[in-house]
Amino acid sequence: MLAKGYDVHGIIRRSSVDYRERIAHLEGRPNFHLHYADMSDSMSLVKLVGKVQPTEIYNLAAQSHVQVSFDAPEFTADVDAVGVLRILEAVRTNHLEKTCKIYQASTSELYGKVEEVPQSETTPFHPYSPYAVAKLYGYWIIKEYREAYNMFCCSGILFNHESERRGETFVTRKITLAAARIAQGKQEKLYLGNLSSLRDWGYAKDYVECMWLILQQDKPEDFVIATGVQHSVREFAYHAFKAAGIELKFEGEDIDEKGICVNGPANLVGKTLVEVSEDFYRPTDVVNLLGDPTKAKQTLGWNPQKTSFDQLVSIMVKHDMEKVAAEHVASVMRTNLAEYLEKGVVK
Ligand code: G4F
């Protein structure tokens, strides 16, 4: 958005620890502004929308971890469901419904216990987690305000979109970081949940371009954003470890399945590097997501294959190999400095 010349305003929540690593490179730019507000605080949203008078709102705010939504269902509903309503009402309260377009981050999790494969804009929803149920409300309230008040508000039904900035507890990033750490001797083993779960993984950078395209159309519509290609968690792990120089062979079934190193650094060959743990199984899991991006391709001119699965894996692994190596250098420097200080070599 900054590259396109927009003034960008984002909301942040107060925290006593710094959690802005992923936007640190943007802070200080003249067109980039951060404001304290919260999706659970209507007044903060009403005041901010009134002050900024936005022409486009991208609502990507969410408690977005599906497994966590089983532990914090009420918070998830407040932010992911009612939060969307609060944004719509903030726009209406400030009389901006004719000038402000709204993009809502809807999700392939809406298809949940899937009723058809692949999933398109016409596939029935069957949400299968507290997260997905909350997101379903968000989807419908956007549609309702579009029809009731003639507002330009749309959903992008995004399938999993990954990148080097992905949170470290989502499965792809958990795998790429572990592969990098194991390859560099910083971790022994990776524990995962359901290895057979199937996802349609795309590159987040390509998907945000599509979010913007959705708001540039003449009429507000919902779109499925996906690559149309499906892989299992097991396959993602295989390719990520391969990109880190380790070849895995998977043996066994379900909870007893293991990923064993069959090729790679001599000290790892023959070792079990991936195991399954019940801790990462969900009470209900969505296991067969595959999107049909035909409408986005035809209407928006978007290319779902811009970044291939192999390219995505290698972008993430390369980034994490460098991150782990840099952390190692920083830690050696810290240790050396501590020693020098102790010995009085430096003061
Ligand atoms: O990476 P995940 O946690 O992503 P999930 O649940 O598909 O949700 C993500 O994508 C959605 C779009 O479809 C977003 F709406 C949502 O906010 C989020 O960004 O899990 C992917 C699959 C699941 O089936 C999970 O059971 O991987 C399986 N899995 C296996 N082992 C694991 C693990 N997931 C995680 N997080 N950690 C594991 O160890």
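Reader: Leaving aside its neighbours within four places in sequence, which residues is Pro124 in contact with?
Author: The model is predicted, numbered from 1 along each chain as its sequence is written; local features need pLDDT of at least 70, side-chain atom pairs pLDDT 80 or more, and totals for chains, interfaces and linings use all residues. Side-chain values use heavy atoms, without hydrogens or water. Contact means heavy atoms within 4.5 Å. With neighbours within four places set aside, the partners of Pro124 are Tyr111 and Glu115.

Reader: Where is Pro124 found, and is it buried, partly exposed or exposed?
Author: Pro124 sits in the loop between E4 and H4; helices (H or I, at least four residues) and strands (E, at least two) are DSSP runs, numbered from the N terminus. Buried means under 20% relative accessible area, exposed over 50%, partly exposed in between (1.4 Å probe, protein chains only). Pro124 has 40% relative accessibility, so it counts as partly exposed.

Reader: How far apart in space are Pro124 and Leu110?
Author: In sequence they are 14 residues apart. From C-alpha to C-alpha, the distance is 8.8 Å.

Reader: What geometry do Phe125 and Tyr139 have as an aromatic pair?
Author: Rings of Phe, Tyr and Trp (its six-membered ring) pair if their centres lie within 6.5 Å; planes under 30 degrees apart are stacked, over 60 edge-to-face, the rest tilted. Phe125 and Tyr139 are 4.9 Å apart, centre to centre, with 80° between the planes. That pair is edge-to-face.

Reader: How many residues apart in sequence are the parts that this pair ties together?
Author: Both Phe125 and Tyr139 are buried. Phe125 lies in the loop between strand E4 (101-107) and helix H4 (130-149), and Tyr139 in H4. The pair therefore ties together parts whose separation in sequence is 14 residues.

Reader: Which residues form the aromatic cluster with Phe125 and Tyr139?
Author: The structure holds 10 aromatic pairs. The cluster that holds Phe125 and Tyr139 also takes in Tyr111, Trp140 and Phe159.

Reader: What is phi of Asn150, and what is phi of Asp254?
Author: Asn150 is in the loop between H4 and strand E5 (153-158) and is exposed, with a relative accessible area of 62%. Asp254 is in the loop between strand E12 (247-251) and strand E13 (258-263); at 57% relative accessibility, Asp254 is exposed too. Neither residue is a glycine, yet both have positive phi. For Asn150 phi is about 60°; for Asp254 phi is near 45°.

Reader: What is the radius of gyration of the chain, and what does the globule rule give?
Author: The chain has nine helices and 14 strands. The radius, taken over C-alpha atoms, is close to the rule (2.2 Å times the number of residues to the power 0.38), so the chain is as compact as a globular protein of that length. For 347 residues the values are 22 Å for the chain and 20 Å from the rule.

Reader: What share of contacts joins residues at least 24 apart?
Author: Buried residues make up 44% of the chain. Among contacts between residues at least 6 apart in sequence, the share is 72%.
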